[in-house]
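This briefing covers surface features, strand pairing and charged contacts. The sequence and the structure come first, and the notes follow by topic.

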Amino acid sequence: MSGWNVFHGARTGDADIAARALKKGLTSLAESQSRPRRQVLVGVGYSMGAIVLSNYVARSGEHCSLDAAIAVSGGLDMRQNLNFHRSMRLWQPMLTFGLRDDMLIAKYARFYKQKLTRGQFLRMLRTTSVSALDVEAI
């Protein structure tokens with residue numbers, strides 16, 4: 001990945017590109033062997049992957065490139081986590097620090113330093129929830 005194409009859970013374009021490429025490959029393979037495509041292309045997502053997968057399937061509707069989808073442990077309305085005090089105290093800081101440190105800072109720090117002011121960059125470093133990180137960094 002290069003440029004500003006960093007992870008964002010609401011963006012489903014990556015899932016669509018991957019599904020279309022796999023479906024095209026399976027279809028080409030079947031055609032090269034002069035037989036119909038018999039494989040079923042199933043998307044499987046767990047946790048945040050389940051959220052992205054569900055979002056992709058819902059937004060794609062009848063144009064979805066997947067034949068089926070299985071979402072495990074994905075949330076339906078993650079805004080409710082903002083009101084869940086245990087999540088805000090325990091899980092959100094852990095998820096936020098990992099996402100921020102391993103993805104945003106380790107891989108994209110130079111892009112953020114170019115785009116954000118010093119104050120914006122410092123606010124991004126101080127976030128303790130994924131929602132706040134979305135506001136400050138994405």
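V40, V42, V44, Y46, I70 and V72 make up a nonpolar patch on the surface, and together they have about 580 Å² of accessible area. The model is predicted: local features need pLDDT of at least 70 and side-chain atom pairs count only at pLDDT 80 or more, while totals for chains, interfaces and linings use all residues. Residues are numbered from 1 along each chain as its sequence is written, and side-chain values use heavy atoms, with hydrogens and water left out.

**Nonpolar patch**
- A patch is made of residues with over 30% relative accessible area and no salt bridge; nonpolar side chains (Val, Leu, Ile, Met, Phe, Trp, Tyr) are joined within 5 Å, like charges within 9 Å.
- Accessible areas come from the Shrake-Rupley method with a 1.4 Å probe, and for residues only the protein chains shown count as cover.
- Strands β1 and β2 each contribute at least two residues of the patch, and the largest share, three residues, is from β1.
- V44 is in strand β1 and counts as exposed because its relative accessible area is 61% (buried is under 20%, exposed over 50%, partly exposed in between; 1.4 Å probe, protein chains only).
- In a regular strand, side chains alternate between the two faces of the sheet.

**Strand pairing**
- Strands β1 and β2 run parallel and are joined by five bridges (two strands pair if DSSP finds at least two bridges between them).
- Between β1 and β2 the chain passes through α2, and this β-α-β crossover is right-handed (with the strands pointing away from the viewer, the path from the first strand over the helix to the second runs clockwise).
- Helices (H or I, at least four residues) and strands (E, at least two) are DSSP runs, numbered from the N terminus.
- Y46 stands opposite V72 in β2.

**Salt bridges**
- D16 pairs with R20, with the closest N and O atoms 3.0 Å apart; both residues are in helix α1 (residues 13–32), four residues apart, about one turn of the helix.
- R20 counts as partly exposed because its relative accessibility is 45%.
- R37 pairs with D67, with the closest N and O atoms 3.4 Å apart.
- This pair links distant parts of the chain, 30 residues apart: R37 is in the loop between α1 and β1 (42–46), and D67 is in the loop between α2 (48–60) and β2 (68–72).
- R37 is partly exposed at 26% relative accessibility, and D67 is partly exposed at 40%.
- E136 pairs with R123, with the closest N and O atoms 3.4 Å apart.

Methods:
Salt bridge = Lys/Arg side-chain N within 4 Å of Asp/Glu carboxyl O.
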